[in-house]
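User: I would like to learn how to read helix packing in a model. Can you take me through one step by step?

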Amino acid sequence: MDDNKVSEFLIEKGLFITTIFFIAIILVIIIFIFKEGYPAISKIGFFNFVFGLKWHPSENEFGVLPMIICSIYVTMLALIMAVPLSLLSVIFMTEIAPDRLRQILKPAIETLSGIPSVVYGFFGLTVLVPFIRETFGGTGFSLFTASLILTVMILPTIISVSQDAIRSVPKEYKEASLSLGATDWQTIKNIIVPAALPGIVTAIILGMGRAIGETLAVMMVAGNVAEIPNSIFEPVRTITSNIALEMGYATNVHYQALFASAIILFLTIIMLLIVANYIQNKYKIDIGSI
Amino acid sequence: MNFSKIISPKIAQKIMNVVFIISGAIIILILIFIVGYILFKGIPVINLEFLISNPTNSGKSGGIFPMIVSSLYVTLVAGLIATPLGIGAATYIAEYSKNSRIVGIIRFGSETLASIPSIVFGLFGMVFFVVFLHLGWSILSGGLVLAIMALPTIFQVSEVAISSIPNSYKEGSYGLGATKWQTIYKVILPAAIPGISTGVILGLTRAISEAAAVMYSVGASFQTPISIFDPGRPLPLHLYMLATEGTSLENAYGTATILVILVLIITIVSNYVINRYQNKIMGR
């Protein structure tokens, strides 16, 4: 009996240590990224770093604003294309499609999310870039090409999270609306989507996070010019691509500046997560209230 | 809505039905087009020779054997490290922890870990495993980075799986005089295995597909890695290098195809096995 108690105690503590270890990893990541990146911010100056318009490592100019703006453009354009498409197909899957079609769509979306990002990038490089070059002119390496690839890459994220949200709308809401004589579409538009909205917003924020963080797929098709683009067919360089492109040979301040860009990325992602969590908790559907 | 006055609800319904079907169709077409294109271009390149021989001329010709080995090797290392950690933490959070604050912190931590951009993991892997811990450019460094990336997926999916085991299972076990750990080990975990395996597979799929996270920790060697301290060049990294350095488009298609097929096989086989197990345990 006592043996049992001792082993129960040890197992509980062992599992607890595992859990703590899990959190410790995040702290170690934060410490090491900040340790390498902070010197750059203090040397270059926070303002010059974040709002500087010129990134010329060889001339000691480290302004990441063009890359921040490129990242924002690429992400926004991808969201503009991905959000409507994914919401429509989620509603199609959960509310309208017959079972057989549903059974095709679900694995299709799982497969889309499983395809490695480099494969997406490679597809973009060999198919989309020439296509854009021939259709719209320019080199084909552009903001638009990058956001097309990102659109496909964030579809599964937005679809799966918003699908959970739409599924968790209580059946009674839908039934009440239908029994009042509303059509399916009226029910979807006036009842289901508003009720699922917090979850849908969370899905969009998570998709946004994925788009901001994507590196190689974007880098392979974006052209990587570190300037603010004037049109969507001009090349762009995102924050993530910049790190991946230059880390291989960066030294001293340059090296630290790349880590400092990682800090910016890290903080952006944390902020997005906090907002997503806040929305989800604040506007949780209260199922008990019906 | 103004236009609802012009368009009757019935017509609006019909229009929307078409819009919905089109959007569903677009998703399927995107998938078919991408996978179809890669396979169409890549399958002619693949033969036994391509799979079992070493690359020659820095990847321009020859096969991808060392890359396949590297990919499987780093994924194995990642799985061996991340699986026990992920399941352990999930078990603790689902069954032991009574402090909702700790649970909240751990969940947020796991979400954070899941959303950190892969290139940030890449930087971390370089400064921590390669330089600070002196593991060098190696399978071990790469595998450790990938383990961290796979960990949140394994944790999150396993936690849901463990929490969703009906209480009656536990009560039955306690009623027979089993201790808490005996109940977890013999009743809860076996019942949660389908869910846990899904989590492990999703995590490892993420690991095997990753290039940015390992590009500064695993090296880029063309040699087949033998020891865990040897450098390697996993398939996604190889594909990235072939494609961007313009080395060989043909071999790039072949590599992409192998990568896609590998991910498809893992997904299909694991779904099948998990379903079988689930049916067996449910007595169907």
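User: At what angle do helix H7 (residues 171–179) of chain A and helix H8 (residues 184–213) of chain A pack, and how far apart are their axes?

Analyst: Keep in mind that this is a predicted model. Two packed helices are described by the angle between their axes and the distance between the axes. Here H7(A) and H8(A) pack at about 160 degrees, and their axes lie 10 Å apart. An angle over 145 degrees counts as roughly antiparallel. So H7(A) is roughly antiparallel to H8(A). Their crossing is right-handed.

User: Which residues in H7(A) and H8(A) meet?

Analyst: On the H7(A) side they are A:Tyr173, A:Lys174, A:Ser177 and A:Leu178. On the H8(A) side they are A:Thr187, A:Ile191, A:Ile192 and A:Ala195. By class, this contact has five nonpolar, two polar and one charged residue. Now the general idea. An α-helix has 3.6 residues a turn, so residues three or four places apart point the same way. Look for that spacing in the numbers.

User: How does H8(A) pack with helix H11 (residues 252–282) of chain A: at what angle and at what distance between axes?

Analyst: The angle is about 170 degrees, with the axes 9 Å apart. That makes H8(A) roughly antiparallel to H11(A). From H8(A), the residues that meet H11(A) include A:Pro198, A:Thr202, A:Ile205 and A:Gly209. From H11(A), they include A:Leu265, A:Ile269, A:Leu272 and A:Ala276. Sort the contact by class and you get 12 nonpolar, six polar and no charged residues.

User: Now across the chains. How many residues of chain A are in contact with chain B?

Analyst: Chain A puts 67 residues in contact with 66 residues of chain B. On the chain A side, the largest share comes from helix H1 (residues 2–44), with 19 residues. That side of chain A has 48 nonpolar, 14 polar and five charged residues.

User: At what angle do helix H4 (residues 99–114) of chain A and helix H11 (residues 249–281) of chain B pack?

Analyst: They pack at about 135 degrees, with axes 10 Å apart. H4(A) and H11(B) are therefore oblique to each other. The crossing is right-handed. A:Glu110, A:Thr111 and A:Gly114 in H4(A) meet B:Val263, B:Leu264 and B:Thr267 in H11(B). This contact divides into two nonpolar, three polar and one charged residue.

User: Where does H9(B) bend, and by about how many degrees?

Analyst: H9(B) bends by about 60 degrees at B:Ile193. A proline, B:Pro194, follows within four residues.

User: Last, the overview. How many helices and strands does chain A have, and what pattern does chain A follow?

Analyst: Chain A has 11 helices and two strands. Its pattern reads α-α-β-β-α-α-α-α-α-α-α-α-α along the sequence. The C-alpha atoms of chain A fill a box of roughly 75 × 70 × 35 Å, taken along the principal axes.

User: What are the counts, pattern and box for chain B?

Analyst: Chain B has 11 helices and two strands. The pattern of chain B is α-α-α-β-β-α-α-α-α-α-α-α-α. Its C-alpha atoms fill a box of roughly 65 × 65 × 40 Å along the principal axes.

Terms used
Residues are numbered from 1 along each chain as its sequence is written. Chains are lettered from A and ligands numbered from 1 in the order in which they are written. This is a predicted model: local features need pLDDT of at least 70, side-chain atom pairs count only at pLDDT 80 or more; totals for chains, interfaces and linings use all residues. Two residues are in contact if their C-beta atoms, placed from the backbone, lie within 7 Å. Ala, Val, Leu, Ile, Met, Phe, Trp, Tyr, Cys and Pro count as nonpolar, Asp, Glu, Lys and Arg as charged, and the others, Gly among them, as polar. The bend at a residue is the angle between axes fitted to the seven residues ending there and the seven starting there. Axes are lines fitted to C-alpha atoms, for helices over the stretch in contact, and angles run from 0 to 180 degrees between N-to-C directions. Angles under 35 degrees count as roughly parallel, over 145 as roughly antiparallel, 65 to 115 as roughly perpendicular and the rest as oblique. A crossing is left-handed if the near helix is turned anticlockwise from the far one by less than a right angle, and right-handed if clockwise.
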